[in-house]
Amino acid sequence: MLQEFNNLMDYIETHLTEEISGKDISKIVGLSDYHFKRMFSYMAGMSLNEYIKNRRLSVANVELINGAKVTDIAYKYGYQSIEGFSRAFREWSGFLPSEVTKNKIQKSFPKFSFFIDIRGGISMEFKIENKEKFNIVGVSKRVPIQFEGVNNAILELAQSITEQQRNEMHQLADLYPHQVLNVSYDFDDGFLEEKGYLTHMIGFATTKENQFNDLEQISIEESLWAIFPNQGPFPATLQETTAKIYSEWLPSSDYEVADIPGISFTKHNGTSENVYSEIWMPVKKKISDKLG
């Protein structure tokens with residue numbers, strides 16, 4: 001996985017003056033846009049789009065010092081106008097391009113390299129479990145993609161569940177954890193920023209078929225899951241565990257993310273100080289590129 005990330009950094013370096021598509025990126029790293037976006041953000045501390053923008057401006061800075069014209073540089077790195085480039089450059093460096101050309105001011109943003117950094121020797125609890133085909137029955141809604149903080153659209157979805165729907169879901173629920181699951185899927189394609197929408201379902205796991213008109217159903221085929229239990233202050237512990245999964249566990253594991261909806265649940269007990277949650281990540285064994 002780390003090799004694929006470094007291959008992508010090399011690819012970006014040789015294509016800074018071109019449009020870098022989500023399809024090309026996914027092909028290099030072997031992950032969907034969504035899973036790659038999350039992993040990169042957790043590992044790098046910024047979005048991929050921000051990284052590419054910073055690298056372009058850093059290289060543009062060098063070219064300006066070496067005498068390149070602002071007009072040429074602006075269009076070379078994909079800006080539609082000199083004003084747009086000048087604004088972005090000033091936000092990044094604190095100086096206008098013309099000031100850099102005149103005073104030879106240098107600001108750099110180095111190319112990233114990824115490697116495993118083992119910190120603290122803290123082990124991460126998880127188990128790999130095969131689950132038979134099951135259904136999730138509940139209510140869903142297209143919501144804005146948001147990786148941190150409270151997603152108000154999801155909150156509104158939860159608040160919209162009627163007493164009748166709640167009772168119907170409980171009638172169907174016959175699988176662990178016998179309580180509300182949060183399921184995300186159908187992410188918009190081609191986003192490198194926190195943009196676009198996904199479908200979020202709030203529901204219960206069941207072996208039964210949904211017979212209620214006011215509920216929806218998705219089927220999850222038999223698959224392998226990496227299950228990460230965590231307990232502590234909510235939502236901080238859940239978010240920290242998610243970050244570790246993407247930035248530490250996944251790059252160094254023998255697994256990669258499968259194209260199946262991700263699932264999580266939280267056992268709320270009236271207090272947010274010591275809350276139990278589980279994150280279910282659909283995985284599959286990595287196929288080694290080395291043959292012998």
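Among contacts in the protein between residues at least 6 apart in sequence, 74% join residues at least 24 apart. The model is predicted.

**Overall picture**

The protein has 292 residues, and 46% of them count as buried. Its secondary structure consists of 10 helices and 9 strands. Along the principal axes, the C-alpha atoms fill a box of roughly 75 × 50 × 35 Å. The accessible surface comes to about 15900 Å². Carbon and sulfur atoms account for 49% of that surface.

**Strand E9 and its partners**

Strand E9 covers residues 275–285. Of its 11 residues, 8 are buried, so E9 is largely enclosed by the rest of the structure. E9 pairs with E6, with E7 and with E8. The table gives each pairing with one residue pair.

| Strand paired with E9 | Bridges and sense | Residue and its partner in E9 |
|---|---|---|
| E7 (residues 255–257) | 3 bridges, antiparallel | Tyr255 and Lys285 |

Lys285 of E9 is the bridge partner of Tyr255. In a regular strand, side chains alternate between the two faces of the sheet.

**Helices H1 and H2**

Helix H1 spans residues 2–14, and helix H2 spans residues 22–29. Their axes lie 8 Å apart and pack at an angle of about 140°. H1 contributes Glu4, Phe5, Asn7, Leu8 and Tyr11 to the contact. H2 contributes Asp24, Ile25, Ile28 and Val29. By class, the contact of H1 with H2 has 6 nonpolar, 1 polar and 2 charged residues.

**Helices H4 and H6**

Helix H4 runs over residues 48–65 and helix H6 over residues 82–93. Their axes come within 11 Å and cross at roughly 100°. H4 and H6 are therefore roughly perpendicular to each other. On the H4 side, the contact is made by Lys53, Asn54, Leu57, Ser58, Ala60, Asn61 and Leu64. On the H6 side, Phe85, Ala88, Phe89, Glu91 and Trp92 take part. The contact of H4 with H6 divides into 7 nonpolar, 3 polar and 2 charged residues.

Key
Residues are numbered from 1 along each chain as its sequence is written. This is a predicted model: local features need pLDDT of at least 70, side-chain atom pairs count only at pLDDT 80 or more; totals for chains, interfaces and linings use all residues. Side-chain values use heavy atoms; hydrogens and water are left out. Axes are lines fitted to C-alpha atoms, for helices over the stretch in contact, and angles run from 0 to 180 degrees between N-to-C directions. Helices (H or I, at least four residues) and strands (E, at least two) are DSSP runs, numbered from the N terminus. Angles under 35 degrees count as roughly parallel, over 145 as roughly antiparallel, 65 to 115 as roughly perpendicular and the rest as oblique. Contact means heavy atoms within 4.5 Å. Ala, Val, Leu, Ile, Met, Phe, Trp, Tyr, Cys and Pro count as nonpolar, Asp, Glu, Lys and Arg as charged, and the others, Gly among them, as polar. Buried means under 20% relative accessible area, exposed over 50%, partly exposed in between (1.4 Å probe, protein chains only). Two strands pair if DSSP finds at least two bridges between them. Accessible areas come from the Shrake-Rupley method with a 1.4 Å probe; for residues, only the protein chains shown count as cover.
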